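Please look over the structure below before reading on. The briefing is meant for someone who has not seen it before.

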Amino acid sequence: MKNKKTTPKKPMSDKQFGWLLIAPLCFVLAVFMLYPTVYAVVMSFTKYLMKGTPTWIGADNYRYILHNSEMWNSLGRTGLTVIICIVFELVLGMLLALLLNRDFRGQGIVRGLCFMPLLISPLAMSLIWSYILNNQYGIVNIILGWFNIYNIPWFSSVSMAKYTIMGMTIWQWLPFSTFVLLAGLKGLPKDQFEAAQVDGSSSWNTFWRLTVPTLKPLIMIIVLLRVMSLIRTYDPLYGTTRGGLGTETFDWYVYRMGFVKYDVGRGTALGVFSLVITLLISNVLYSQLMKALKKR
Amino acid sequence: MKKKKFSWKRVVFWIVLISVVSLFVFPIFWVYVTAFKTNAAIRSTSLAFTPTIENFVFLFTTRNAQVPLLNTIIISVVSTLLVMLISIPAAYSFARYSPSGNTLLFTTISTRMFPGVIAAIPFFLLFRDLNLLDTHIGIILMYVYFNMSFATFLMYGFFVDIPEQVEYAAMVDGYSRLDIIRKIVFPLAKPGIAITTIFTLIWSWNEFFFAFLFTGKVAKAVSVELSLFWGATQIQWGAMAALMCIAMLPTLAVAIFLQKYIVRGLSFGAVKG
């Protein structure tokens, strides 16, 4: 067998050719994935403040972060953000998809305009909203002023700021769930719906018994992708509260630990912690998605 | 043309539709309006103003915004080229030969789920030691890593759609494997490659977290320049809006002209919208 491989004239097998094409990807993946992970795991057991030499302190960093209320608060807030944003994106997205699921003139223009929030950067999105919600001269507050509504503390109160940021995020991502669901609605088998109508099923019933179950895989895909990006909420905070006023998310907390306090040990411990959580969540969601796809 | 009958239902439909669309569009439209306002006009509560280009002049003379713009163009274009060089062969191989079963493909996509924060500190320290902080190469390397799994996965979907029979036919005609890729597969996959390229460009163009941590002066990206306006004690909304207008233009153009592919791109190829 070995001889065959080394004979120069013998053409490569399909399998070898396949590996050859993947090799660069594997190489970059190995370096860029293994290096930080291994490094983070090792450093998470040391005390290191970006200068000098790291000292081994065992599991102290993990003990610290697991007993830190700021960490749990930021984690809880991230969880709340994930749930609220996804629920609103799904419900409003479904309503919008049902609205758009009919033939009307100018569909292309409407689609194009609705896609705009999706493609602008989250940082620009947060800056736009802090401008138009500005307390003194933001356009939203000017318009609300016409109706004698004043001084809504969009970003300046602990009870409101985090919801404002969630609202911004929903604004940006609502078109995504809308158009994924719309794609699903357009692909629904018509005969089944006609049959349901003939059977005298109400449209409410048809929606829950037929539409939602058929769209389940798409709903799962939306949830999976949105969870994965929402648990890493960072950019929208930068242009608004910078993690202040009870808005700090988990990633902002990690950033603050690593790049404001320069605590590499605790920062990497948080990174490892975050990796474990991410893997757990993505595993659960992924197997759910596969189940939903198989049932179809 | 048949004249459509007036119905209240349709009126309500259009009112709702127009409100929804303006909710999405108005904030972005307002940035474009603000870019042409003086700072005094921005800070007044009256809506009337006389347009001016002083913000753009300020941006390109005092702030030297052409430097971060050029940086972002260099970084996005070079990193996208590298991503495509790695991802096109890999995606094709996954689609046609799948040498490792599907395990490696899922490992690839799972790197997209890797929390960025776990990479941030190790790479920051590594780049510091290698003098790669605040260089174009450093940030390009980060973007190559973060975008290649997405690009591979998205293109995999396009390659799988190409019927294998076409390739078998070419093989019978005596084409070599490389010839098949060059002359048969590549032309057929062109739309997919184009879409993937555009999405990779947009991701790098919009990226902020790593640009903010890894670049400062020399390789400063547009997103970082934007964030600096916000950091100032007196926020210069006018200049910020002007820079945002320029930075958003390419992505808004994509929204309008490539709408057919946006859902597919954003869902990593999972939904062919």
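What follows describes how two chains meet, from the whole interface down to single pairs.

This is a predicted model. Chain A and chain B bury about 8,400 Å² between them, and the contact draws on 90 residues from chain A and 90 residues from chain B. One salt bridge is found across this interface.

**Extent and make-up of the interface**

- Carbon and sulfur atoms give 81% of the area buried between chain A and chain B.
- F32(A), L119(A) and Y131(A) supply 10% of the area that chain A buries against chain B, which is more than any other three residues supply.
- Eleven residue pairs are in polar contact across the interface of chain A and chain B, with both residues at pLDDT 80 or more.
- On the side of chain A that touches chain B, the largest share comes from helix α2 of chain A (residues 14-43), with 19 residues.
- That side of chain A is made up of 63 nonpolar, 18 polar and nine charged residues.

**The salt bridge between the chains**

- Over all chains, the count of salt bridges comes to twelve.
- The side chains of D14(A) and R177(B) form a salt bridge, with N and O 2.6 Å apart.
- This pair crosses between chains: R177(B) lies in helix α9 of chain B (residues 177-206), and D14(A) lies in helix α2 of chain A.

**A helix pair across the interface**

- Two packed helices are described by the angle between their axes and the distance between the axes.
- Helix α5 of chain A (residues 107-119) packs with helix α12 of chain B (residues 237-257) at an angle of about 145 degrees, and their axes are 8 Å apart.
- The crossing of α5(A) and α12(B) is right-handed.
- From α5(A), the contact is made by G112(A), L113(A), F115(A), M116(A) and L119(A).
- From α12(B), the contact is made by T251(B), L252(B), V254(B), A255(B) and I256(B).
- The residues in this contact of α5(A) with α12(B) comprise eight nonpolar, two polar and no charged.

Methods: Residues numbered from 1 in each chain as written. Chains lettered and ligands numbered in written order. Predicted model: local features only at pLDDT ≥ 70, side-chain atom pairs only at ≥ 80, totals over all residues. Heavy atoms only, no water. Contact = heavy atoms within 4.5 Å. Buried area = accessible area lost by both parts, 1.4 Å probe. Salt bridge = Lys/Arg side-chain N within 4 Å of Asp/Glu carboxyl O. Polar contact = N/O pair within 3.5 Å; in protein donor to acceptor, adjacent residues only side chain to side chain. Helix = DSSP H or I, 4+ residues; strand = E, 2+ residues; numbered from the N terminus. Nonpolar A, V, L, I, M, F, W, Y, C, P; charged D, E, K, R; others polar. Axes fitted to C-alpha atoms, helices over the stretch in contact; angles between N-to-C directions. Left-handed = near helix turned anticlockwise from the far one by under 90°.
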